[in-house]
Amino acid sequence: MSKLVPCMWFNGDAEEAAKFYVSLVPNSEITHVQRNVSDGPSGKTGSVLVVEFTVAGQPLVALNGGMKMEYTHAISLMIHCDDQAQVDSVWNAFIAHGGKEEQCGWLRDRWGVAWQVVPKVMFEFLTSPDKAAAARAMQAMMKMVKLDVAVLRQAFEGKSAA
């Protein structure tokens with residue numbers, strides 16, 4: 001069966017990026033490193049060409065493409081976090097390693113890749129049959145940078161923040 005595997009473009013630091021990404025959450029690992037068999041735009045013979053890895057079980061590929069390419073928000077990677085502790089851990093790791101905060105749970109890592117760090121409960125709030133509660137959670141999220149589960153829950157439940 002065919003499988004969709006996103007390929008991320010790097011300029012010489014694909015292995016460093018993959019090692020960082022797999023450090024973020026459980027069920028993540030580097031599964032294969034392919035080296036250049038000859039000198040080329042992506043590097044010298046023996047240097048890393050492709051790194052296959054998983055983040056939270058999702059297969060990804062990092063490619064040393066030989067030149068810098070810019071990432072846009074047209075595509076991002078989302079990490080579903082179990083709780084606030086995991087949101088904080090993942091978020092803080094990105095920021096500590098050169099990431100830049102954005103809004104609504106978005107950030108950019110040091111390579112410019114857009115990530116969304118989202119607590120799983122957010123999806124429960126947004127898909128609730130109580131449309132007013134879902135709208136309150138959405139409005140609360142729109143005011144945040146890093147998502148705060150307690151504040152989102154208060155908004156969802158119609159309680160004002162203390």
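The legends below describe close-up views of a predicted model. Local features need pLDDT of at least 70 and side-chain atom pairs count only at pLDDT 80 or more, while totals for chains, interfaces and linings use all residues. Residues are numbered from 1 along each chain as its sequence is written, and side-chain values use heavy atoms, with hydrogens and water left out.

**View 1. The four-stranded open sheet has the order E1-E4-E3-E2.** Its pairing is mixed. Strands are DSSP runs of E with at least two residues, helices are runs of H or I with at least four, and both are numbered from the N terminus; two strands pair if DSSP finds at least two bridges between them. Strands E1 (7-10) and E2 (29-35) are at the edges with a single partner strand each, so one side of each has no neighbour in the sheet. On average, neighbouring strands are turned by 20 degrees against each other, direction ignored. Axes are lines fitted to C-alpha atoms, for helices over the stretch in contact, and angles run from 0 to 180 degrees between N-to-C directions.

**View 2. Strands E2 and E3 pair in the antiparallel sense.** Six bridges join E2 to E3 (residues 48-55). Threonine 54 in E3 is the bridge partner of glutamate 29. Helix H1 (residues 14-22) packs on the sheet and touches E1, E2, E3 and strand E4 (58-64), where contact means heavy atoms within 4.5 Å. The direction of H1 makes about 10 degrees with that of E3.

View 3. Eleven residues from domain 1 and twelve residues from domain 2 take part in the contact. About 990 Å² is buried between the domains, and carbon and sulfur atoms give 78% of this area. Buried area is the accessible area (1.4 Å probe) that two parts lose on being put together, summed over both. In domain 1, Phe20, Tyr21 and Leu24 lose the most area to domain 2, together 47% of what that side buries.

**View 4. Glutamate 16 and arginine 110 form a salt bridge.** A salt bridge here is a side-chain nitrogen of Lys or Arg within 4 Å of a carboxyl oxygen of Asp or Glu. The closest N and O atoms of this pair are 2.5 Å apart. Glutamate 16 is in helix H1, and arginine 110 is in the loop between strand E7 (106-108) and strand E8 (114-119), 94 residues apart. Between domain 1 and domain 2 the count is one salt bridge, and the whole structure has six.
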